[in-house]
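Hi there,

As promised, I am handing over the structure we talked about. My notes on what turned up in it follow below.

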Amino acid sequence: MAKMSIAEALRQAIREEMVRDPRVFCVGEDIGVEGGFGGAFTVTLGLSEEFGHERILDTPISEIGIAGVAIGAAMAGLRPIADVQYGDFLFCMMDQLVNQAAKMTYMSGGTVSVPMVMRAPVGSTRRGAQHAQSLEAFFTHVPGLKVVAPATAYDAKGLLKSAVRDDNPVLVFEHKLLYGSKGPRSEAGALSPVGEVPDEEYLVPIGKGIVRREGSDVTIVGKLLTLYRALGAAEKLAAEGISAEVIDPRTLVPLDRELILESVRKTGRLVIVEEDNLTGGWAADIAAIVAEEAFFYLDAPIVRVSAPDTPAPFAPVMEAFYVPSEERVIEAVRSTL
Amino acid sequence: MPQSNPPLLELYRTMLTIRRFEERCNHLFMQGRIPSTLHLYIGQEAVATGVCAHLKDTDYVLSTHRPHGHAIAKGVTPRSIMAELFAKATGCCKGKGGSMHVGDMRVGMPPAIAIVGGNAPIACGMALAQKRLGNGGVTVSSFGDGAANEGAVHEALNMAAIWDLPAIFVCENNLYAASTAFATAFKIDDVAARAAAYGMPGIVVDGNDVLAVHEAAAAAIARAREGGGPTLMECKTYRLCGHSRSDPLTYRTKEEEARWLEREPIGRLAAQMREQDLVTEERLRKIEEVVVAVIDDAVAYAEASPDPLPSDALQHVFYGQEA
């Protein structure tokens with residue numbers, strides 16, 4: 001076992017997969033420049049010295065091109081790990097991701113595969129409205145894309161390795177406050193969870209959620225940063241004698257629906273926490289699934305704790321208001337009791 | 001005689017197959033037997049034919065919303081294309097693609113990309129893989145003059161140039177992006193002039209002369225195979241039909257159409273061959289018969305093929321997924 005941050009765990013996953021399979025390569029902006037950053041959050045730091053610039057391929061500032069290159073390379077026999085500096089830039093490449101990557105297999109009647117990974121940092125981190133969004137829900141809406149959102153070092157490594165080996169496009173959303181990036185790329189207010197990562201090879205399967213804390217009174221579902229908000233709330237609620245079960249779905253598509261349903265059948269109450277905007281969101285979809293599949297087990301209305309329907313604000317006081325806090329989760333849980 | 005030593009009769013047969021295939025499609029569409037919309041390639045056959053004549057199954061061609069010509073020239077079977085147009089389970093996309101997405105990876109043609117300009121970045125990725133795998137393959141990205149103004153094409157041309165990718169960008173300039181005339185959307189006369197801005201060769205070719213296309217493509221493809229990098233090849237041509245089946249062509253003049261009809265590529269090649277005594281009328285008639293028989297067979301096959309099950313819609317969202 002080694003203790004490492006998520007950035008280190010992701011780097012180790014990339015290194016291991018590149019050693020294992022010569023078809024694997026990284027493509028993105030500022031990922032392999034000597035004296036550079038190793039990507040926006042240090043994940044690829046040092047890898048170009050190890051693997052060379054052909055396999056840690058720096059691109060122009062061309063997000064449509066990056067996505068297209070990943071898609072085409074995947075279709076023609078390589079295994080690309082592409083990344084964007086900020087998840088918000090995925091919007092620049094939406095045609096490639098949504099019209100091309102997601103639909104290629106389907107349009108070909110199942111004969112063409114697009115085994116690509118697209119990594120994207122999300123979350124509000126004092127950068128204002130265009131470097132802050134939580135985009136996971138957009139992509140869960142697109143059939144043909146798999147979506148993962150690891151919140152621990154163990155899962156980050158295991159899920160990224162599974163994503164590289166998957167024969168479909170997989171979007172990996174990483175939270176900027178969870179990387180534990182060091183030096184000038186470290187983040188103010190970061191949680192930087194450092195976790196145990198086994199020395200031996202392992203994979204975390206895509207499509208399997210996990211119960212992070214067992215409880216009996218209420219189910220709280222959180223992902224990425226909001227998982228830690230949920231866990232913090234659960235800890236405080238425990239002191240009041242309220243037993244909250246916390247679920248981390250880890251993969252959003254395909255979703256481990258049964259894990260959530262099973263928990264709600266046990267607790268009878270559900271609070272969903274997300275950093276994305278409320279309307280048409282991921283929390284709404286989880287609420288709908290539970291309302292359809294486990295309505296008669298519910299003892300109280302389902303509650304969503306989301307960001308309000310505004311762009312992400314810059315001022316730290318407004319940002320703290322915008323991103324769901326432990327207090328808001330606690331209030332939401334209380335409202336169900 | 002051109003340097004590329006063109007297989008004249010083969011080029012003629014391929015162009016004629018595309019023409020007769022599409023004329024039949026049009027007829028079937030009017031009869032209501034094809035449910036799809038159609039973007040026909042009539043008049044542009046020399047481009048796909050002249051380029052694809054140099055390609056192997058391990059080379060890739062990426063096409064557009066107007067892909068029947070590229071598909072036939074690349075070796076996708078007329079049966080499987082026609083069955084796709086008929087929305088049958090035996091179609092080249094199992095009924096999940098339709099006219100705008102025909103293709104068959106086994107012969108190096110991914111599903112055609114019907115978002116204008118969308119195939120160029122993907123072509124870069126495929127060419128990058130060919131270069132990295134060292135298999136000597138090349139990738140052709142076909143697009144129209146309309147696509148040349150898409151940002152995606154700009155990003156792709158730049159990336160192909162900086163990485164010396166084995167890619168050929170074939171701009172089929174048919175003078176109209178749907179109904180918008182070339183001069184409305186360009187300040188320059190030739191799309192190929194933009195190649196200089198990316199640091200790659202740009203060439204202008206008479207796209208209605210299959211021998212000119214064949215020769216220019218031979219050079220660009222050979223250069224790409226040898227590691228010389230990409231080429232932007234602009235083929236000047238003309239759609240002799242509407243943009244789609246709902247286009248009454250009220251934005252062009254009959255005089256312009258007549259001028260281009262005189263230069264249409266199939267009659268032109270036949271005339272060239274006759275002039276040089278390279279073909280007999282008997283031979284041309286035989287080719288016509290064979291081509292018509294191929295189209296008849298494709299239609300019969302498509303009509304006899306089963307429909308997909310409604311619930312087949314649930315398959316193939318993910319690779320390897322059966323249901």
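In chain A, 26 residues of domain 1 are in contact with 22 residues of domain 2, where contact means C-beta atoms, placed from the backbone, within 7 Å. The two domains span 2–197 and 210–336, with bounds from an automatic or database domain assignment. Their C-alpha centres lie 26 Å apart. On the side of domain 1 of chain A that touches domain 2 of chain A, α6 (136–140), β6 (146–148), α7 (153–165) and β7 (170–175) each supply at least two residues. Helices (H or I, at least four residues) and strands (E, at least two) are DSSP runs, numbered from the N terminus. By class, that side of domain 1 has 15 nonpolar, 7 polar and 4 charged residues; here Ala, Val, Leu, Ile, Met, Phe, Trp, Tyr, Cys and Pro count as nonpolar, Asp, Glu, Lys and Arg as charged, and the others, Gly among them, as polar.

Before going on, please keep in mind that this is a predicted model: local features need pLDDT of at least 70, side-chain atom pairs count only at pLDDT 80 or more, and totals for chains, interfaces and linings use all residues. Residues are numbered from 1 along each chain as its sequence is written, while chains are lettered from A and ligands numbered from 1 in the order in which they are written.

Next, the cores. A nonpolar core is a set of buried Ala, Val, Leu, Ile, Met, Phe, Trp, Tyr and Cys residues joined through C-beta atoms within 7 Å; a residue is buried if 20 or more other C-beta atoms lie within 10 Å of its own, exposed if 12 or fewer, and partly exposed in between, with C-beta atoms placed from the backbone. The largest core has 201 residues, and Ala70(A), Ile220(A) and Val271(A) touch the most other members. Both domains of chain A give residues to this core, so it lies between them. Leaving aside residues up to four places away in sequence, Ile220(A) touches several residues, including Ala230(A), Val246(A), Val271(A) and Val333(A). A second, separate core of 5 residues includes Ala132(A), Ala307(A), Ala312(A) and Tyr322(A).

Finally, the two chains together: 35 residues of chain A are in contact with 36 residues of chain B. On the side of chain A that touches chain B, α3(A) gives the most, with 10 residues. That side divides into 15 nonpolar, 17 polar and 3 charged residues. As for chain B itself, there are 12 helices and 7 strands, and buried residues make up 53% of its 323 residues.
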